[in-house]
Amino acid sequence: MNFALDGLKVLDFSTLLPGPFASMYLADMGATVVHIESPNRPDLLRLMPPFNYGQAVSHNYLNRNKQSVALDLKDPKNINLIKSKISDYDIVIEQFRPGVMQRLGLDYAELSEINPRLIYCSITGYGQTGPYKDKAGHDINYLALSGIAGHSGRVGERPPALGIQIADIAGGSMHAMVAILAAVIERHKSGRGQYIDISITDCAVPLNNMAAAASLAAKQQARPESSHLNGGTFYDYYETLDQRYLAIGSLEPQFLSGLAQILDLPILIEKGLTYQLKDQAIVKQAIQDKIKTKSLQDWQDIFQHHDVCVEPVLRLEEALHSELAQERDWTVQVPRRENSSEFEQQLACPIKFSRSKIRYEFIGQNLGESDDW
C-alpha cells in the first residue's frame with residue numbers, strides 16, 4: 001500500500017501523552033516507530049484503567065502500529081546497542097527533562113556524530129532553556145502559564161477544568177509533528193538533520209491567536225466573557241428544558257437572521273450584532289428563555305432543517321456513534337495483533353489523503369514484545 005511516510009524510521013523514547021500521540025500519527029501514516037521502554041519503570045499509561053486484552057486501552061490506542069522494545073537505559077550495553085543502530089533511523093523523539101539524554105549519552109550532539117542526518121525532537125513542558133526548564137508540569141499548568149486559562153470560562157468563576165489535554169496535544173504533539181516533518185523536507189535540500197526543541201507551553205501560547213493579536217497590537221486585554229468568541233456575545237451554550245445544551249454560533253448576519261426567524265426573536269436583529277455588553281446580556285437572556293422551553297431532541301428536530309450554525313452539545317458516547325461519526329469514519333477496528341481475528345475499536349486517524357492510505361496493523365504491544373528492531 002502507499003503510505004505517505006513509508007520509509008521513515010522513528011526511535012521513540014517518549015511516554016504518557018504528547019510524544020506518543022505524535023509518534024502514533026507518524027506510525028498511522030506509515031512510519032516505522034520503535035518505542036523504547038524501561039523494563040523496570042513502565043510507561044504510566046500502561047497502568048491507567050480501563051483495560052482490554054489485559055492492557056490499558058489508552059496504551060492500546062496511543063501505541064498502535066509501534067514496536068515495543070524494553071531496554072534499561074542505565075545499562076551501558078543498551079546505550080551502545082542504540083548507538084549501533086542509530087544510523088538506520090531518521091528521527092528520535094524524547095520527552096525526558098532537559099539533560100537526561102545527555103547524561104545517558106543519547107543526546108543530539110552524541111547521536112548526530114554517528115548519524116548527521118538524524119532529526120532529533122525533544123518535547124518538554126517548558127523547553128530546554130529558561131528558568132522553568134527543570135520544573136515538572138501538566139496540561140493544567142501549561143494552560144495557566146500560557147494565558148489560555150486566564151480568559152476562559154465565566155466571569156467570577158474559576159477557569160474551567162477541560163475534558164481534553166489541549167496544551168499536551170495541540171501544543172506538544174501537533175507542533176512536534178509539524179516541526180519533524182518540516183525538518184524531513186529541509187533535509188532533502190541540505191542532507192543534514194537538526195535538533196528540535198518543543199516546549200509545550202511555548203506552543204500553547206499561539207493557541208491564543210486572535211486574543212493575543214488583540215492584546216499585543218491593540219492593547220485589548222482578554223478576560224472571561226470579554227470577546228465575541230468566549231461568551232461575551234450570544235455565541236454561547238444554552239440550556240434546554242431537559243438540562244442539555246445547544247451550541248449557538250450564528251455570528252454572520254444571514255445566520256443571525258435565520259436564527260431570529262426560527263426562534264421568533266426580533267431582538268436578535270435589533271441588538272444581536274452590537275458588541276455592547278448590556279445589549280448582549282439582553283440578547284443572551286432572550287435566547288436562553290426561548291431555548292429553555294423545549295428539550296434537546298425537540299430543538300434538534302427543528303434545527304436539522306436550517307443551516308444557521310446551531311448544534312447539540314453531545315456527550316462523548318453520542319458523538320462517537322453519531323451519523324456524522326459513521327459517515328466520516330471517526331472510529332476503526334484495529335487488530336489485537338498483526339493479522340489477528342480479535343479487534344479493538346479505537347479512534348481513527350482523521351487525516352484523509354486522496355492516494356495515500358492510513359494503516360491500522362495492531363494495537364499497542366505488550367512491553368518488550370518486539371525483539372527484532
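What covers the buried residues of α10? This predicted model gives the reply in the first view below.

**View 1. Helix α10 and its cover.** Helix α10 spans residues 253-263. Its buried residues are F255, L256, G258, L259, A260 and L263. Their cover includes two strands, β10 (245-248) and β11 (310-312). It also includes the helices α11 (267-271), α12 (277-291) and α13 (296-303). D264 follows α10 and has a positive phi, near 55 degrees.

**View 2. An open sheet of 6 strands.** The strand order is β5-β2-β1-β6-β7-β8, and the pairing is parallel. β5 (66-70) and β8 (195-199) stand at the edges. Each has a single partner strand, so one side of each lacks a neighbour in the sheet. On average, neighbouring strands are turned by 20 degrees against each other, direction ignored. Strands of a sheet pair through backbone hydrogen bonds, either parallel or antiparallel.

**View 3. Strands β1 and β6.** Strand β1 covers residues 9-12 and strand β6 covers residues 91-94. The two run parallel and are joined by 3 bridges. Look for L11: its bridge partner in β6 is V92.

**View 4. H59 in helix α2.** Helix α2 (residues 57-62) holds H59. Is H59 buried or exposed? H59 counts as buried because its relative accessibility is 2%, under the 20% cut-off. Leaving aside neighbours within four places in sequence, H59 is in contact with L45, R46, G364 and Q365.

**View 5. The aromatic pair Y89 and W373.** The whole structure has 8 aromatic pairs. A pair of aromatic rings is described by the distance of the centres and the angle of the planes. Y89 and W373 form a tilted pair, 6.4 Å centre to centre, with 50 degrees between the planes. Y89 lies in the loop between α3 (76-85) and β6, and W373 in the segment after β13 (343-347), so the pair ties together parts 284 residues apart in sequence. Y89 is buried, at 2% relative accessible area. W373 is buried too, at 13%.

**View 6. The aromatic pair Y108 and Y120.** This pair is edge-to-face, 6.0 Å centre to centre, with 70 degrees between the planes. Y108 is in helix α5 (residues 108-114) and Y120 in strand β7 (residues 119-124), 12 residues apart. Y108 is partly exposed, at 21% relative accessibility. Y120 is buried, at 1% relative accessible area. Ring pairs link Y108, Y120 and Y195 into a cluster.

**View 7. Lysines over rings.** K9 lies over the face of Y89, 4.6 Å from the ring centre. K294 lies over the face of W299, at 5.9 Å from the ring centre.

Terms used. Residues numbered from 1 in each chain as written. Predicted model: local features only at pLDDT ≥ 70, side-chain atom pairs only at ≥ 80, totals over all residues. Heavy atoms only, no water. Buried < 20%, exposed > 50% of the residue type's maximum accessible area, 1.4 Å probe, protein only. Helix = DSSP H or I, 4+ residues; strand = E, 2+ residues; numbered from the N terminus. Contact = heavy atoms within 4.5 Å. Pairing = 2+ DSSP bridges. Axes fitted to C-alpha atoms, helices over the stretch in contact; angles between N-to-C directions. Phe/Tyr/Trp six-rings, centres within 6.5 Å; stacked < 30°, edge-to-face > 60°. Lys NZ or Arg CZ within 6 Å of the ring centre and 35° of its normal.
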